[in-house]
Amino acid sequence: MDQINILVTDDEREIADLLEIYLVSDGYRVWKAYSAKEGLQILQEHDIQLAILDIMMPEMDGIEMCRQIRKFSNIPVIFLSAKSADLDKILGLGCGADDYVTKPFSPLELTARVKSQLRRYTEFNPDGVQKKDASEIISIRGVVINRTTHVVTVDGEEIKLTPLEFDILCLLAQNPGKVFSTDEIFKNVWNETVYEANNTVMVHIRRLRTKIKDDNREDKIITTVWGVGYKIDQ
């Protein structure tokens, strides 16, 4: 099995460093973030299998970060918090977290809980952790596509796509760098004989670009190859 990646998000750098020491000694690779926004960016750009989040962080707290994660990922989330009241734990678990550890904490207990959550996660996800990204999650410069739940987020914000728009986006995203003509897109997505494919596909591409905020990007997600078709580069 490939090395497992764990994200630690805590604005207290000493705690993040301590967790890194214990997790690395257990054979994990650790990504550290000191804000929720930074942590979400790491999750969108890298293949992370488990996240440990502090609750009390400035700007965006861990509760909201967990809600954002659940829009595009089902990886285990463990909260690490100084709040120990039952109501706080219920709130934390209610937003989608899998476990809740209170500060001060035993690093050995935390790593044991990490192992337990990863074991449960791999048992309920066929083929294990390392294939998750390839089969379920596609992430391209802030656009995250979950092929299982049909959820698409742009910079952490969920957007609503029609089934045809979603299928077009998946077709291009799953074949980075490959140029598809309008006829090829029509055949792959509509599964029908081509009738006026050019205009039909162009309309859907235009709507799709608007929804993923491509019009305002300098580095376009969907690129037009004039006279040929469309592509998405990784």
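Trainee: Let's start with α7. Which of its residues are buried?
Mentor: Glu 165, Phe 166, Ile 168, Leu 169, Cys 170, Leu 171, Leu 172 and Ala 173 are the buried ones in α7. Keep in mind that this is a predicted model.

Trainee: And what does that say about where the helix sits?
Mentor: α7 covers residues 163-173, and eight of those 11 residues are buried, so the helix is largely enclosed by the rest of the structure.

Trainee: OK, zooming out. How many helices and strands are there in the chain?
Mentor: The protein chain has nine helices and 11 strands. It has 234 residues, and 47% of them count as buried.

Trainee: Now the five-stranded sheet. What's the strand order?
Mentor: It goes β2-β1-β3-β4-β5, an open sheet with parallel pairing. The edges are β2 (29-33) and β5 (99-102); each has a single partner strand, so one side of each lacks a neighbour in the sheet. From one strand to the next, the twist averages 20 degrees.

Trainee: How many bridges hold β4 and β5 as a pair?
Mentor: Four, in the parallel sense, with β4 being residues 77-81. To find the spot on screen, look for Ile 78, which stands opposite Asp 99 of β5.

Trainee: Which strands does α1 touch?
Mentor: Helix α1, residues 13-25, packs on the sheet and touches β1 (5-9), β2, β3 (50-54) and β4. Its direction makes about 170 degrees with that of β2.

Trainee: And where does α2 lie?
Mentor: Across β1 and β2: α2 is residues 36-45, and it runs at about 140 degrees to β2.

Trainee: Switching topic. Which residues make up the nonpolar patch on the surface?
Mentor: Leu 18, Ile 21, Tyr 22 and Leu 108, with about 380 Å² of accessible area together. The biggest contributor is α1, which gives three residues. Leu 18 is in helix α1, and at 33% relative accessibility Leu 18 counts as partly exposed.

Trainee: What about phi? Which loop is Asp 155 in?
Mentor: Asp 155 is in the loop between β8 (151-154) and β9 (157-159). Its phi is near 55 degrees, a positive value in a residue other than glycine.

Trainee: Is that residue buried or exposed?
Mentor: Asp 155 is exposed, at a relative accessible area of 56%.

Trainee: Great, that gives me a list of places to look at on screen.

Methods: Residues numbered from 1 in each chain as written. Predicted model: local features only at pLDDT ≥ 70, side-chain atom pairs only at ≥ 80, totals over all residues. Heavy atoms only, no water. Buried < 20%, exposed > 50% of the residue type's maximum accessible area, 1.4 Å probe, protein only. Helix = DSSP H or I, 4+ residues; strand = E, 2+ residues; numbered from the N terminus. Pairing = 2+ DSSP bridges. Axes fitted to C-alpha atoms, helices over the stretch in contact; angles between N-to-C directions. Contact = heavy atoms within 4.5 Å. Patch = residues over 30% accessible without salt bridge, like charges linked within 9 Å, V, L, I, M, F, W, Y side chains within 5 Å. Areas by Shrake-Rupley, 256 points an atom, 1.4 Å probe, with all protein chains shown as cover. Salt bridge = Lys/Arg side-chain N within 4 Å of Asp/Glu carboxyl O.
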